[in-house]
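Student: I'd like to learn how to read a fold from its pieces. Can we work through one together?

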Amino acid sequence: MTSTGQDSTTTRQRRSRHNPHSPPHDSSVTSKRGVKKGALLHSSPSLAELKKKGRMKKLSQAAEQDLVVGLKELDVNLEAKTLSGTGLVFDEQLNEFHCLWDDSFPEGPERLHAIKEQLIQEGLLDRCVSFQARFAEKEELMLVHSLEYIDLMETTQYMNEGELRILADTYDSVYLHPNSYTCACLASGSVLRLVDAVLGNEIRNGMAIIRPPGHHAQHSLMDGYCMFNHVAVAARYAQKKHAIQRVLIVDWDVHHGHGTQFTFDQDPSVLYFSIHRYEQGRFWPHLKASNWSTIGFGRGQGYTMNVPWNQVGMRDADYIAAFLYLLLPVALEFQPQLVLVAAGFDALQGDPKGEMAATPAGFAQLTHLLMGLAGGKLILSLEGGYNLRSLAKGVSASLHTLLGDPCPTLESPGAPCPSAQASLSCALEALEPFWEVLVRSAETLEEDFLEEENVEKEEEGPWQPPALPIPMWPVLQARTGLVYDQRMMGHYNLWDNHHPEMPQRVFRIMRRLEELGLAGRCLTLPARPATDAELLTCHSAEYVGRLRATAKMKTRELHREGSSFDSIYICPDTFACAQLATGAACRLVEAVLAGEVLNGTAVVRPPGHHAERDAACGFCFFNSVAVAARHAQAVSGHALRILIVDWDVHHGNGTQHIFEQDPSVLYISLHRYDHGTFFPMGDEGASSQIGRATGTGFTVNVAWNGPRVGDADYLAAWHRLVLPIAYEFNPELVLVSAGFDAARGDPLGGCQVSPEGYAHLTHLLMGLANGRIILILEGGYNLTSISESMAACTRSLLGDPPPLLTLSRPPLSGALASITETIQVHRRYWRSLRAMKVEDKEGPSSSKSIPKKLTQPANRGSAVGMTAPDGNILDADAGKATSASSMEVATPDQAKSETAVVELSQDQTSEAPPGEATADQTPSEAATGGATLDQTIVESATVGATPGQTTSEEAVGGAAVIQTPPALCTDNQTPPASPAQGATAQIAPSKLTENLRTLDLNSEAQEAPESQMAEEEGLLGEAARGQDRDDSVLIQSFGDHANADQVMFYAVTPLPWCPHLVAVRPIPESGLDVTQPCQDCGTLQENWVCLSCYQVHCGRYVSAHMLQHHEVSGHPLVLSYVDLSTWCYNCEAYVHHQALLDVKNIAHQNKFGENMPHSH
């Protein structure tokens, strides 16, 4: 595959979350071959001399002003106040309730006792800012719960044990105590107190150690140990009192937080992410709404994200992968102002309910990743966790991280297991239409998969550690070391005082660090020259001697010697300065490995990453990062695993060559390549360069093929490539070749990375290697840019939360192509990159629509954590049990890539057993089991149905809605499309509705034979479009419905808008004739009318004349005379929009003799 810098036309239009009118971004570039590093990519004749000498081009006044304005907005100014402190709410009153009739009930006071003992033992209570718990007022609880329900809970204070037990038995998996109401109010109020403290800038973040848990509680319903939904109330409270507009809720409890999801599933102001055990619905709460296919309803579509685990034993690597690939990218696009975590610890190794294999160190990693969002405004609220030792260690690990302690190294990080990859792939596919940041590369997904024979087969079962790994927390004298020596300014160009690699670079950086008070917060370490022994680990003795000899050369000799290398100048102090820069990096390595400091910054010059074993190159003499890596291994006494990340805009050819055969050093470079025409030129920086011999796979190149690469592109590379590989490699030390010439405003790089962007990149790397990370300055030639960028990185190293990062655009298609190219090359070496073509083997309803057996409702009494037997999976929304063999059930408002099948069988009934408690309606008003067929399922299935219908608009009591997964999650699945030939096109929707209403609902449907299912799948073929794809219309397909045993509907959701609607022309005065034959072949079957010229042609499965018409004319939109759906060739999607209603209604009148339903 060849990566290009050209931006291809996006095949689908996404609604823009924050700037819907922004123009498309183009990453096209014309590359010009340069001769020397520092040559400017301009063709103006007046710059010819500058190109020869590598002079720095002065920014235009306008560009300089833009940069200054942008930098003024950064959160790195002198007046910026750095928040500190972690709030903690822990109140002994929360232990004053327990189960009166079952001493073994897992949710008991001993949970908080164990946590308190652990926090005291580790000295964490004294390090936190303690807050007194308060009671939540009724008005605050009513932000989520009904007054009637709150009043009912209040009366429990006065009930006796018998009355409490009777009331508790009407709910699922709860108990009640006279103090339950008081403690639940206190628990909710505790989280609200932290919301006030965080948003009032009293503290940076916080944790509420509370019980009872809350995330299962619904609007008017207790559920799963929960009375009031603490995080849901907190989100609404933050919006109402503090005018917060966007809240992210992360639920990592092993049980799905369905109560929280139901509260916000139609609300685009709250992004809900849950990662939980599901096992195809066999695990509590046994809801189809817990699956990846549920993504929200109406305006909330795309704002519900579920990652369901379908096996036990899931590990840290699985959880981290879900965060990297899905949560973090979407969260950065969503831009939350507050992050709330439903922090259950029942996914930890040893928990009897969760049966997972996550570790406390893994939860520390998840906490760290979330701390990069919302300016660090993060609140954890305790939910579940029932192994007392695991729970206490998990809470402790997360609290350590909130306090700024480094994340412990994961003992066995590995890569996500196949089951996790399957779940994650399905979730990504379902959500991709709603989030620009999830867009894949322009290459087809099929190209993303390795051929079976090329993939190393590694069967890997769930990993079970022998015992819960206990993280170690280092005791540090200081956090961040800083190395700088003014003597390094002695290296300068004797012939060109405008050379971009000028002495002022390090001086300006240090001055800025001092102005911001950052230098004073660091431990200043003295620089020292590198010893010959250190230099010889990476350079030849002949080369070191040759460079040492320059100190005594005359000016003419220095010029001649410099000219013998590529893009090099030499002065008498060059050797001493280069020796000092390399020694400074080694001194910082010693301090980090000895525990003097946790991390550090080396403000040094000349740079080093281009320097080869026996040659200077590209302003570089000694390879400081490479020598520092070898010195670290020498100091540690073994082949320390070292990750080198090189984000300088130029490829670090020297570093790559030094380590290309060494598997102990993982080298990852992100740089401009421009198809080999960007310095250092040639193919050394290509993605195909992967190392040699035993080092194969340990050289990773992300080669940008054009300018304007920015924050979104680098973060996409971090999430999709850099961090997955880094976590799998599990380094013991991270070194960064921190060049800032990819920064906005740099005259050589032409890229657009912001200081905030660099801060986020640094923060994400800090989760690795127990926090041992060192930044070593390389390039960067705009003095303002490098000063602000290094200051932003230093803030992150010091533990300050990364500043808010506003992504002005999604990743460029050219950048995505580069990332994808590198992933494809390295997937054979890194299991974390191995995407597979998921067939959803864990779920039965993958590529075939299996008729669903409807069973009588089961009692709602299964306890949290219990696995239901196959066959009965409780659907709380409908108050009935459903078949375990068909749990891939569609929510009524799915993404356009999903297909729903609705089956109605004659004589089906669905009666709830007498005396069964009625589940509270969710905000989406899901239909109950007693719903009648009078609801508008048929109306929503007819032409003109409005996209984005709510659950109540589409639900049918007792009807089975079976969803096939998105294209990525099926095998050989044919997409939904128009009716096949002979479909009942002439039946008016009103008549259809009448006929359907005569059908009764039977309690059990017969499974369709395989041949029937194959025939039904065959119906899903598109009639007019040029290629198969999951698209956007709701189709009815049935034969003689009056006599048929079953009626089946295929449904998908159309695009609500497309940019090609402007091509629709007024309807001809003669109107439309739906009986008109194809103008080319005369067929009367499957004809379409062009909405630009109103010519009539046949569809794809006749003679494809309409497709040919589109290819010749370019007219994008066509209307089906069979089902009156509208297809856009350019978007490759069905479209339903107000602008199409007139033509649809006229066609409907001509076809049926009546107006179209819901044509308003």
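Student: In which sense do strand β11 and β16 pair?

Tutor: First, the ground rules. This is a predicted model, where local features need pLDDT of at least 70, side-chain atom pairs count only at pLDDT 80 or more, and totals for chains, interfaces and linings use all residues. Residues are numbered from 1 along each chain as its sequence is written, and side-chain values use heavy atoms, with hydrogens and water left out. Strands (E, at least two residues) and helices (H or I, at least four) are DSSP runs numbered from the N terminus, and two strands pair if DSSP finds at least two bridges between them. Here β11 (residues 599-602) pairs with β16 in the parallel sense, over 3 bridges, with Gly600 opposite Ile774.

Student: Over how many bridges does β15 pair with β16?

Tutor: There are 5, again in the parallel sense, with β15 covering residues 733-738. Leu735 stands opposite Ile774 in β16. From β15 the chain crosses through helix α23 (residues 755-765) to β16, a right-handed β-α-β crossover. Right-handed means that, with the strands pointing away from the viewer, the path from the first strand over the helix to the second runs clockwise.

Student: Which way do the side chains of β16 point?

Tutor: In a regular strand, side chains alternate between the two faces of the sheet. Ile773, Leu775 and Leu777 point one way from β16, while Ile774 and Ile776 point the other way. Buried means under 20% relative accessible area with a 1.4 Å probe, protein chains only. In β16 (residues 773-777), 5 of the 5 residues are buried, so the strand is largely enclosed by the rest of the structure.

Student: How far apart are the end C-alpha atoms of helix α13?

Tutor: The expected span of a helix is 1.5 Å times one less than its number of residues. For the 14 residues of α13 (residues 418-431) that should be 20 Å, and the end C-alpha atoms are 20 Å apart, which agrees.

Student: Is α13 enclosed or open, and what does α13 pack against?

Tutor: Since 12 of its 14 residues are buried, α13 is largely enclosed by the rest of the structure. Those buried residues, including Leu424 and Cys426, pack against β6 (304-309) and α10 (316-334).

Student: Which residues does Ser190 touch?

Tutor: A contact means heavy atoms within 4.5 Å. Leaving aside residues up to four places away in sequence, Ser190 touches Val89, Ala133, Arg134 and Ile210. Ser190 is in helix α7 (residues 180-199), and with 0% relative accessibility it counts as buried.

Definitions and conventions
Buried means under 20% relative accessible area, exposed over 50%, partly exposed in between (1.4 Å probe, protein chains only).
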